[in-house]
Structures are given as C-alpha cells and as structure tokens.
Amino acid sequence: MFVGDSLSLNQWTSLSCLIHSWVPNSKYTVFRTDVLSSVTFEDYGVKILLYRTTYLVDLVNDKAGRVLKLDSINNGKAWLGMDMLIFNTWHWWTHTGRSQPWDYIQEGNKLYKDMNRLVAFYKGLTTWARWVNQNVDPSKTKVFFQDISPTHYVGRDWNEPSKSCSGATQPFFGTRYPAGTPVAWAVVNKVLSRVTKPVYLLDVTKLSQYRKDAHPSQYGGDGGGTDCSHWCLPGLPDTWNQLLYAALFS
C-alpha cells in the first residue's frame, strides 16, 4: 500500500503500469474512490493499493472548521495488515491561501491559526513515527518512506533564474545541485533516526532534483498551468520503483 499525496499516486500508477507491462495478458481489476484505490492482478493474487492522505496525520471537519491534527492518525486503521507500506508526505505542508485545505492546526487541546510549516511537518511526522513504532510488526510488514520530492518552479535553484521546468528537455548537469538539499530532507532524516522499527528510506531527492526535464510542464497543468511538481509517466517514478524493488530484495 502506498500512503500519501499525489506523488504517491505517481508512484502507484507507475508500479501498476510496470507490472502490467510484465504480464500484459493477466486479468486485472481497478477500484477507485476519493481515498482508496487499488489494482489487483487476479492471476497472481497481487493487490497494489493507494491510500490518499496529504499529511499522514488527520485532517477533520469540526465546529472550528477544517482542522489539521498534528498528533492524531485515526486513518492509520486502514493501513494495518499490509505486506508493504510506502509512505510519503511534504507536498502539501507548504500550501497557503486558497490552496490550503485547513483552517486551523491543532496540537493537543490548542488550536493555531498557523505555525512555522517545517515545525508543523516535524510534529506531524513525529506522530507518524510513533504510529509505526506502536502498530507495525516487522515480521509481517516492510515499511518504506519516500524522501522529499523536489519541484522545479524556480530556475535559480539550478542557476537559470529566468526559467522554470516549462519546456525543459535536458536534466541538470553538474556534480552538485546548486540549491542544495531541501531543509525538509533533514527533518525526514531526523525523525527516521528515532523510529525504533525498521524503516527503509527511499531517498529519491537528489536524483529527482537533477530531472528538471521530467515534469508534465505546460502539457499537464490543470487549466493550462505549468506543473513542475509532479512527474511524467513513464519516467522518474519508474526509477523510484526500480529502487524500491532493489531495496526490497537486497
């Protein structure tokens, strides 16, 4: 089961297509809702699921409005009993204004109109780490965490200030990506260092930074916009899944 946002959708779609290409004549069924989707390869008894959750922690509607609860993961009940769990989050933690899907952040009994987003991310991810420690049986479930997936909206990140990913046909060439490592990457690694259960970090950050050419760009943006945050299929998520396969059987 992939658990996360639309970047988890990217990887789930990629893996489903890769498997279908290996067994093109196998009977399969597809099930999709707003939250849960699955592809089942019936001849092999293999089901690949996607649980859509932008923050991993709970986002609920109550009297105050839409509340992001940094210390609550009731949705985790749906993740139990899986052979593999591949988690991902970060994409939505920086959203503000009309694209922000919550009105308040809650920690304990306190409501906040806002807080430093890296601090909120750290607190939410710490709650996820606690959930893993309390609920995962390593003899039955392998846990992976997909590291930070970069965006390419700001050309100064790769020393081309006037550009974005739009129209890019070549990756970044160089020995060091100019923007350096995202701060959120350090948060992920700090939290994972405190998880007592085995969690494999699928570190896709650096290799993905180099691929400014691998986005839907102006061809995939909703309403004619430019999408420099998601990835083309087939493409970079195929590489993520190849690394997942290597990690699973190493």
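This is a predicted model: local features need pLDDT of at least 70, side-chain atom pairs count only at pLDDT 80 or more; totals for chains, interfaces and linings use all residues.
**Entry 1**

Y177 has 5% relative accessibility, so I noted it as buried. F172 comes out at 13%, so F172 is buried as well. How far apart are the ring centres of F172 and Y177, and at what angle do the planes stand? I found 5.5 Å between the centres and 85 degrees between the planes, so this pair is edge-to-face.

**Entry 2: other rings**

I then asked how many aromatic pairs the structure holds. The total is 16. I picked out W93 and F121. W93 sits in the loop between β7 (84-87) and β8 (104-107), while F121 belongs to helix α2 (residues 117-135). The pair therefore ties together parts that are 28 residues apart in sequence.

Are these two buried or exposed? W93 has 2% relative accessibility, so it counts as buried. F121 has 0%, so it is buried too.

I also traced a cluster. Ring pairs join Y51, W79, F87, W128, W131 and F145. At another ring, that of Y104, I found K113 lying over the face, 4.7 Å from the ring centre.

**Entry 3: around W93**

I listed what W93 touches, setting aside neighbours within four places in sequence. Its contacts are T54, Y55, V57, L68, L70, R117, A120, F121 and G124.

**Entry 4: the cores**

In soluble globular proteins, nonpolar side chains tend to be buried together. I looked for such groups here. The largest nonpolar core has 36 residues. Which of them touch the most other members? They are W79, F87, W93, F121 and W128. At least two core residues come from each of β4 (46-52), β7, α2, β10 (142-146) and α3 (183-192). Helix α2 gives the largest share, with seven residues.

I found a second, separate core of 20 residues. Its members include L15, I86, V204 and A247.

**Entry 5: two helices**

Last, I checked how helix α1 (residues 6-22) packs on helix α5 (residues 236-249). The angle is about 75 degrees, and the axes run 9 Å apart. Angles from 65 to 115 degrees count as roughly perpendicular, so I wrote that word down for α1 and α5. Which residues make the contact? From α1 I noted L7, N10, Q11, S14, L15 and L18. From α5 I noted P237, D238, W240, N241 and L244.

Notes. Residues are numbered from 1 along each chain as its sequence is written. Side-chain values use heavy atoms; hydrogens and water are left out. Rings of Phe, Tyr and Trp (its six-membered ring) pair if their centres lie within 6.5 Å; planes under 30 degrees apart count as stacked, over 60 as edge-to-face and the rest as tilted. Helices (H or I, at least four residues) and strands (E, at least two) are DSSP runs, numbered from the N terminus. Buried means under 20% relative accessible area, exposed over 50%, partly exposed in between (1.4 Å probe, protein chains only). A charge sits over a ring if NZ of Lys or CZ of Arg is within 6 Å of the ring centre and within 35 degrees of the ring normal. A nonpolar core is a set of buried Ala, Val, Leu, Ile, Met, Phe, Trp, Tyr and Cys residues joined through side-chain atoms within 4.5 Å. Contact means heavy atoms within 4.5 Å. Axes are lines fitted to C-alpha atoms, for helices over the stretch in contact, and angles run from 0 to 180 degrees between N-to-C directions. Angles under 35 degrees count as roughly parallel, over 145 as roughly antiparallel, 65 to 115 as roughly perpendicular and the rest as oblique.
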